[in-house]
Amino acid sequence: MKITKIIGQTIIVVLLIIMVFFIGKVYMDNKENANIEKQRTAAIGFKKVQPGVEEIKFMQEGSYSGAGTWSVGVNTIVDGKKYSEIFREEGLMGGDELPEGNTGTKSSVKVIYSNGKEEILK
């Protein structure tokens, strides 16, 4: 009787651990997907206004500041030169001084997201 009770309790504990693991994984996957979508939106916004963009590389996932604004660190190559920038979801927030212009980039731009996946924005 005691062995049956111990086995039953062990099975319950194992099932709880498995449930917590899967709930955590689903939460983290959803969070990553949301950040990647924000990164993509920011890259598109930057490409629309900044001329000469060749590559955009997200250095981290991105997070919300105390003011509630999502932002992320980015390294970008514009006209062959590397710049460190901060993007928000709408595009550029700040960083290194970029070449002037507001014509956008008409050519394709390589984007490397924080999860390592790559995309060519046309």
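**View 1. The side chains of Arg40 and Glu119 are joined by a salt bridge, with 2.9 Å from N to O.** Arg40 lies in helix H1 and Glu119 in strand S7 (residues 118-121), so the pair ties together parts that are 79 residues apart in sequence. A salt bridge is taken here as a side-chain nitrogen of Lys or Arg within 4 Å of a carboxyl oxygen of Asp or Glu, while helices (H or I, at least four residues) and strands (E, at least two) are DSSP runs numbered from the N terminus. Arg40 is partly exposed at 29% relative accessibility, and Glu119 is partly exposed at 22%, where buried means under 20% relative accessible area, exposed over 50%, and partly exposed in between (1.4 Å probe, protein chains only). The model is predicted, with local features needing pLDDT of at least 70 and side-chain atom pairs pLDDT 80 or more, whereas totals for chains, interfaces and linings use all residues. Residues are numbered from 1 along each chain as its sequence is written, and side-chain values use heavy atoms, leaving out hydrogens and water.

**View 2. Arg88 and Glu90 form a salt bridge whose closest N and O atoms are 3.7 Å apart.** Arg88 is partly exposed at 35% relative accessibility, whereas Glu90 is exposed, with a relative accessible area of 55%.

**View 3. Lys110 and Glu118 meet through their side chains in a salt bridge of 3.7 Å, N to O.** Lys110 is partly exposed, with a relative accessible area of 29%, whereas Glu118 counts as exposed at 53%. The search of the whole structure finds three salt bridges.
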